[in-house]
4 protein chains.
Amino acid sequence: MTTPSAPSSRPLRIGMVGYGFMGAAHSHAWRTAHRFFDLPLTPVLHTLAGRTESSLVAAAERYGFAQTTTRWQDLVEDPEVDVIDICTPGDTHFEIAMAALAAGKHVLCEKPLANSVEDSEQMTAAAAAAREKGVRSICGFSYRRTPALAYARRLVAEGFVGELRQVRAQYLQDWLSDADAPMTWRLDREKAGSGALGDIGAHIVDLTQWITGQDIAAVAGTVETVVPTRPAAGTAQGLGGTGDASGERGTVTVDDIALFTARFGGGVLGSFEATRMAQGRKNAMRVELNGESGSIAFDFERMNELEIYDATAPTGRQGFTRVLTTEPEHPYAEAWWPTGHGLGYEHTFTHEIADLVRAIGEGDDPSPSFEEALHVQRVLAAVEVSSADGSAWRDVDPSAASYPTSTTPQSPTSQEST
Amino acid sequence: MTTPSAPSSRPLRIGMVGYGFMGAAHSHAWRTAHRFFDLPLTPVLHTLAGRTESSLVAAAERYGFAQTTTRWQDLVEDPEVDVIDICTPGDTHFEIAMAALAAGKHVLCEKPLANSVEDSEQMTAAAAAAREKGVRSICGFSYRRTPALAYARRLVAEGFVGELRQVRAQYLQDWLSDADAPMTWRLDREKAGSGALGDIGAHIVDLTQWITGQDIAAVAGTVETVVPTRPAAGTAQGLGGTGDASGERGTVTVDDIALFTARFGGGVLGSFEATRMAQGRKNAMRVELNGESGSIAFDFERMNELEIYDATAPTGRQGFTRVLTTEPEHPYAEAWWPTGHGLGYEHTFTHEIADLVRAIGEGDDPSPSFEEALHVQRVLAAVEVSSADGSAWRDVDPSAASYPTSTTPQSPTSQEST
Amino acid sequence: MTTPSAPSSRPLRIGMVGYGFMGAAHSHAWRTAHRFFDLPLTPVLHTLAGRTESSLVAAAERYGFAQTTTRWQDLVEDPEVDVIDICTPGDTHFEIAMAALAAGKHVLCEKPLANSVEDSEQMTAAAAAAREKGVRSICGFSYRRTPALAYARRLVAEGFVGELRQVRAQYLQDWLSDADAPMTWRLDREKAGSGALGDIGAHIVDLTQWITGQDIAAVAGTVETVVPTRPAAGTAQGLGGTGDASGERGTVTVDDIALFTARFGGGVLGSFEATRMAQGRKNAMRVELNGESGSIAFDFERMNELEIYDATAPTGRQGFTRVLTTEPEHPYAEAWWPTGHGLGYEHTFTHEIADLVRAIGEGDDPSPSFEEALHVQRVLAAVEVSSADGSAWRDVDPSAASYPTSTTPQSPTSQEST
Amino acid sequence: MTTPSAPSSRPLRIGMVGYGFMGAAHSHAWRTAHRFFDLPLTPVLHTLAGRTESSLVAAAERYGFAQTTTRWQDLVEDPEVDVIDICTPGDTHFEIAMAALAAGKHVLCEKPLANSVEDSEQMTAAAAAAREKGVRSICGFSYRRTPALAYARRLVAEGFVGELRQVRAQYLQDWLSDADAPMTWRLDREKAGSGALGDIGAHIVDLTQWITGQDIAAVAGTVETVVPTRPAAGTAQGLGGTGDASGERGTVTVDDIALFTARFGGGVLGSFEATRMAQGRKNAMRVELNGESGSIAFDFERMNELEIYDATAPTGRQGFTRVLTTEPEHPYAEAWWPTGHGLGYEHTFTHEIADLVRAIGEGDDPSPSFEEALHVQRVLAAVEVSSADGSAWRDVDPSAASYPTSTTPQSPTSQEST
């Protein structure tokens, strides 16, 4: 005789805005997190909001949402909705997040927090106010939940690298190498806010700060648009004003490449690169930390591996160790498969959702907070200011910094050897 | 105003038996496949069957099944159930699959098909008979659905490697290196049927045959139990008779290592190794094909990569090319994430389920068929016979072979250079 | 009956100054080049000059020099000596090279050309004057003669990477990670001229210019001394004034880390890093070029490999190809061993000597010329000036540039996206 | 004033027979060893012997020999010659080595020792007799002197891998993949004695025995000629009788591929492969040892690296560590360059010569002895016998074994799991 099976925990009802690439990743995570992690609440895909009725309905069916709406305000107004998940382009984050927080909804906002530092500051203030009332907010720097990177952070905290000497981070992609790759909203400053710097550079800024436990205090850099015009993709893609009215090519209004040097709060230098021009590098998000007693290196193209160097091992046996981060000792890994059976890109979202649901259920504030996201944005803004100012060093407003600076910070300009 | 969202296709109701490691992987795939692939039917997790009431109920809730039963026969008898998914140890496959096929249920049976060639033969005959009535059956060699390996097969079919010279396959694990790793049912011949040979060696036999389009015709090999006794894990784990009655160590009744040479139908030699003794190799399932005009190499520890060598390229530019198999051109990849964003282990199951649902919906027979699984089993059985006979060459019964042999097969013993 | 064997070509008599690490490498190359390459002249190790009689004599014996002298001037004055090979620290290059050129001796001068731009300018003028009289001069950027890098240059010239998008170069070492690694002359600005920037950064500046065929036109950067004092190594090591008089630690007067961005003459951006703080990186001299149609990547820790990416290949087959640069098609490789049998560090010197001897024998001017070395030095000097000036962009004096700039150069400060 | 430099140690006069690929490598080593290692004797290139006057004289000049002879017997008869270095094809080793030993000359004989086990047995007996009179003999398994492999041996001896579980060795080349690659003497059984098995398989047999400290006691294998005829290279290449009289293709009389399983004296199984059919593998000589507490892996295509796995490290930090074997702690490395500056193929010979000269100077017997070489040959012969006998297990004559067998050897046929 078969017996009916009943849900074990209270539902957490999700209203999601946007259903593109991020919508697919987030909805998979909402469906999956409680299947592999023990969570105090069970996510339910309540309502999907979007602009275009026809594709919205198809997406809702595909992703498993029970209903749809073409007004995101419906989510905010619906007393049943517990969480607003913002998966739209950056130019809409501010309005949606402010309304959601005001309505007492928990908010998951994709990065960037907003397209301007000013908007981000207001959102951060609103999140802080809402937090007082038990409303949780998180910004979607999902790469933090890669097991290898979360393990890297733990190793640093345990003292594995010792005194930090240097940070090196690159995010290399190649989809703009071809001068005839078409325009998209990501190349339109109005929509995207920034180019390689904000889209992918943001991740390595967030990650290096989080892993080292040090905020970036100053930067000097250069951002550049290598290919300034591209074939307009047509009105169907909604390029609007960025396409050339007479037909042919639209103007790229964001950067293709960003190169900058950063000074961390503890005094150490970091070199950063974000580019969409690195032919052959598909998603090479690389982070390397060098310390007096060890090093750690990561490349997202091999996301299940972490390279670690232990300078305290016997000299003859030293070298970079390729750790497969699929052991029960590695963050998140125990919930999944046996050792050596790797995870994929979407697991970073599933882990993010699991942590967020736990935080909501247990009344904690999840991380990355809006403050953390704001500080990332200030770093990126400082890079742009530096670039416009001949690449000179520029301090980053420290008011949203998460980590204490060292007692003897090194000023950016007094460190030269001459 | 929100609008309700409705399912787009007819349901396909799943009854699953077993809820261990494979149950977790299969149920995730059943839940996920239609979220990323366009399928003619929508899988519904109908009923989960298992022996132990308490853990069964927890698993059903975790995996998302609507009901449970402690009698797998209920699934067979329930007219609502469309598919029986068999995720139990090998010793139970025969009984369940035979009943399911007789009842006209589609069957997904985890590998090995059964614990004996004889049982497999009967199951294959039953599947062939059921096929006449539109009942579909498939054996779960899920690794075939790794995009890199499916792409390898396509490359071979396109002539990339040219005339095949040699095959090399290894499946290396290390969880038995420690002489004090405990007994499990996988080390008990009664339950598991075989050790490294059947559990992991089966995969590389299936894959090399499928990728090359050639069946193995003869083998010569050695299987061995390196560590013959292990700490008994206690009665809770159900070791039963294999544990030493007086308490301490149980007898391992399956092999730890299997080494064999194979002759493929086209005449080419292959070297095979399956081991659980390769310290540091976590899940190194490796396949390499060498041909006159190119080579292909794969390692599951880097499942998103395929190494290919094009011997027709300009000499100075030749080398193994590390292809990230995340491009739209690669099998299954287009359904997922942007280039460079890798997939994980469970995707192999999601792809398997997608292909199976399509086959059921479209009235096709999915692959690997029970015939293919039977031939794999005959290869493995021939290895054991060869090993018992001093490692001498042994022909494999060709009656379940899938591929035509070459017109000028090379006999195993006439190829020596002397 | 045995028959005496006679030399086939005229001798080229070498006088060498200095017998440390570089002396060992150069003398090996002088002894070996004509054994593997067909050369118009046969090098003869004539006289070794050095300061300390006892170790000088041992070195001469070890290296195979026929005589020794403690006055390097003897080499200049000896009419038998054809070539002066300068292997001493940078502070002595000027005096020796000027005298040698004045005396009509061919000169091989180790890099850096001199410790100041001013000295280098004079040496370059002297070399230019001597060139008129058939006297040859070369600066020892030996890494150019790594087969993989020479092949990289050929690929670029053949159009393999297409329109250049970006340059990335790192020279990572770790011997100063330990805060208690002792002082050496390389950390003393008086002797060494510069630190990581000049010692190892110089190589990647030279290589990227040479491979791309573009000079660096402007730079913006930061140099830094991470560990400012180190245990004095004692007077025996001749640290002199840099050691703390009271005994304990000496002051490091050169940089440990140099980070800079460069604008090449054709307009493309390059990111550069030279460091001795990269724990675990032993000699990771890395160069990567990204172009519209392909990429090239190299790491000296795997000096027999070149990674190339062909963006014109079928999409599904694209990836970085690991080329073993041991084929007859690869520069210098044919003189050595069968394919797959790698070369080592000292081969770069043997190739350099082979090319130099050929140039002398055939009346050609070898490369890198003193002009090229001067331009490298100007780039490095501009980095130091930029660093002292808050990291702002700084133009490089173009008067010693080797390559034509593009007709539409991009100015460093007008490329930002904002 | 210059001062003449005088040699510091007594000369060791070398007579070499043969001047092909091996002659080039050996003569480089004889010229170089005392330049980097402290040796009790100084090698002098005394006389080169060869068949063809014209090329012989050119080779002597190129390699630096003082005289030449077309009668190798001259070397044996010349009282000045101290060492006979045999670099000819295998079919001539017996005659030359026997004469040399009888004349009291030290002998360095390239591998294989001879083309038959019988000849090798006589040579071994002659070497043993000569040893009583202080005459030294060594067989040229030069790969042992790769720093990474010598370090592997040390690690095993120190207990790094613990109880050995498994051995895996491959020597993969690809120069016969092309069916139209021409005949050479290496494909003629009369000259070469054996094919892939003897030419390259010999190395991995020698290495695994030496590194593990265990002799191979039994084998089961298959050898095969995949491409049985090839274009005759013409009489100029001296193919003689092997070319087809009517013109076109000669018959290959040696194997292209050898696959075998071995039982080591301590009971452990090893899998071996030697092939010239592995398209894209240029010189992939790979050795891997798996033990209870660690593993070691090596690939000659990256000869400056050793991969080691420490199973006693904290679980989360375990992984294969890529050791650059260029530290002073690594065998032979201290004599060369700073850390991270790799060595090349010819260094294995330079190290071999250094060890041989030390052994001669200090009155020690160098290794590998002729006994060791004989045992290797017996292993290879047993593989051929096994192959001809349907691949059945075959014992290896233990009379030349170097290492004690374990007290509880495991017989090859009683280890199956069934």
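1. A definition to start with: two strands count as paired if DSSP finds at least two bridges between them. Please keep in mind as you read that this is a predicted model.

2. With that in hand, have a look at strand β12 of chain A, residues 257-264. One of its neighbours is β13(A), residues 269-275, which runs antiparallel to β12(A) and is joined to it by seven bridges. Across this pairing, A:Phe260 stands opposite A:Phe272 of β13(A). The hairpin formed by β12(A) and β13(A) has four residues between the strands, and A:Gly267 there adopts a positive phi near 110°.

3. Strand β12(A) also pairs with β9(A), residues 216-224, again in the antiparallel sense, over eight bridges. Here A:Leu259 of β12(A) is the bridge partner of A:Thr222.

4. How many residues of β12(A) are buried? Eight of its eight are. In a regular strand, side chains alternate between the two faces of the sheet. For β12(A), one direction is taken by A:Ile257, A:Leu259, A:Thr261 and A:Arg263, and the other by A:Ala258, A:Phe260, A:Ala262 and A:Phe264; all are buried.

5. Now to chains C and D, where 40 residues of chain C contact 40 residues of chain D. On the chain C side, the elements giving two or more residues are β1, α1, α2 and β4. Of these, α2(C) gives the most, with five residues. This side divides into 14 nonpolar, 18 polar and eight charged residues.

6. Strand pairing also links these two chains: β4(C) runs antiparallel to β1(D), residues 3-4, with two bridges joining them. In this pairing C:Thr68 stands opposite D:Thr3.

Notes
Residues are numbered from 1 along each chain as its sequence is written. Chains are lettered from A and ligands numbered from 1 in the order in which they are written. This is a predicted model: local features need pLDDT of at least 70, side-chain atom pairs count only at pLDDT 80 or more; totals for chains, interfaces and linings use all residues. A residue is buried if 20 or more other C-beta atoms lie within 10 Å of its own, exposed if 12 or fewer, and partly exposed in between; C-beta atoms are placed from the backbone. Two residues are in contact if their C-beta atoms, placed from the backbone, lie within 7 Å. Ala, Val, Leu, Ile, Met, Phe, Trp, Tyr, Cys and Pro count as nonpolar, Asp, Glu, Lys and Arg as charged, and the others, Gly among them, as polar.
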